[in-house]
Amino acid sequence: MLSLSTSIRWRTIHGRDCSLSVMEKFEQHDPSLVSSCRFFYLGCLLFMRRWSREFPLSYGWHIPDSLVGMGCIQSKEDYKKMLKKKEEQTTGKNIGKNMCKIEQKLQRKHLIALSFFLPLLVMAGCCIVFGVQPFGDNSLLIIDGLHQYMPFYSVLYDKLKGGETLFYSFRSGLGINFLSLFSYYLSSPFNLLILFFKKSQLNMAVSMIIVLKIACSGMTAGIYFSSKSKKQGFSTVMISMAYALSSYMVGYCWNVMWLDAIMIFPIIMMGLERLIEKKDGRLYCIALFYALYCNYYIAFMICIFAVIWYLLYS
């Protein structure tokens with residue numbers, strides 16, 4: 001099993017080597033003493049095998065060459081890989097435990113708040129990077145948003161500031177029916193925020209309204225998805241962010257009048273499910289009324305989807 005002339009070599013912490021030929025001296029004397037030493041030597045090696053696992057290389061301990069020779073490990077490189085893998089597994093478990101503790105401390109109100117503020121931070125970061133007002137001269141409004149909607153906002157600003165009627169306007173030709181424009185383009189309650197800006201800052205005001213509506217979309221999605229999940233966690237926040245920052249929101253955010261219906265859509269679905277399960281239609285009526293009031297074009301599509309959802313859900 002072990003040669004009598006085995007030479008035990010230990011690499012010390014200071015890098016020096018020393019050799020011990022113990023067996024060779026005992027070989028010429030009592031054979032029973034040789035057997036006893038052999039078992040003692042084997043016990044020491046087994047103890048060192050366990051001891052070397054308890055004290056990894058990062059603490060300055062080095063692996064005896066005898067462990068490699070006995071076949072306990074293939075090489076010192078394999079031992080280092082084993083220790084590194086064990087440390088990574090321990091670190092991963094600790095991170096997972098910490099995440100679970102954080103999720104347990106998070107309540108529903110915290111998740112809803114994160115669903116609002118994280119999309120808000122993402123949009124604010126995009127505005128900074130792309131120089132959108134007030135961080136530059138650019139705007140989130142393009143195409144019809146600049147050429148069509150901004151003149152409507154200008155007229156609305158003058159009417160709100162001057163206390164004029166919303167039914168008629170003489171700003172175009174011999175006069176136009178302004179109520180029809182207001183009901184489709186300008187009826188969102190968020191548009192009242194333009195009163196806090198100067199008329200020269202209307203472009204910036206509408207861009208900020210777009211960012212706020214996207215953040216509110218994340219919040220309403222957080223309200224809906226947190227009500228569907230018994231175990232609250234970061235998955236609710238991630239899904240809510242995916243809804244608020246979807247490709248539809250990115251591609252059509254310049255159609256600012258459509259965003260209110262998208263924002264209130266999760267609450268409509270929540271109210272519809274409450275109507276089906278608890279026979280309580282108050283939330284559904286209020287949320288659907290808001291969508292129809294702000295923009296009947298998108299609200300009409302939501303009504304079609306609500307009918308399909310009702311048939312499938314029930």
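Trainee: What pLDDT does the protein chain average?

Mentor: The model is predicted, and local features need pLDDT of at least 70, side-chain atom pairs 80 or more, while totals for chains, interfaces and linings use all residues. Residues are numbered from 1 along each chain as its sequence is written, and side-chain values use heavy atoms, with hydrogens and water left out. The pLDDT is the predictor's confidence in each residue, from 0 to 100. At least 70 is scored by 66% of the residues, and the protein chain averages 76.

Trainee: Which element of the protein chain has the highest confidence?

Mentor: Helices (H or I, at least four residues) and strands (E, at least two) are DSSP runs, numbered from the N terminus. Confidence is lowest in strand 1 (residues 8-11), at a mean of 41. Where pLDDT is low, the predicted coordinates should not be read in detail. The highest value, 93, belongs to helix 12 (residues 282-294).

Trainee: Which residue forms a salt bridge with Asp 260?

Mentor: A salt bridge is a side-chain nitrogen of Lys or Arg within 4 Å of a carboxyl oxygen of Asp or Glu. For Asp 260 the N to O distance is 2.5 Å, and the partner is Lys 213. Because Asp 260 lies in helix 11 (residues 259-278) and its partner in helix 8 (residues 202-228), the pair ties together parts 47 residues apart in sequence; the partner is Lys 213.

Trainee: Is Glu 273 buried or exposed?

Mentor: Buried means under 20% relative accessible area, exposed over 50%, and partly exposed in between (1.4 Å probe, protein chains only). The relative accessible area of Glu 273 is 5%, so Glu 273 is buried.
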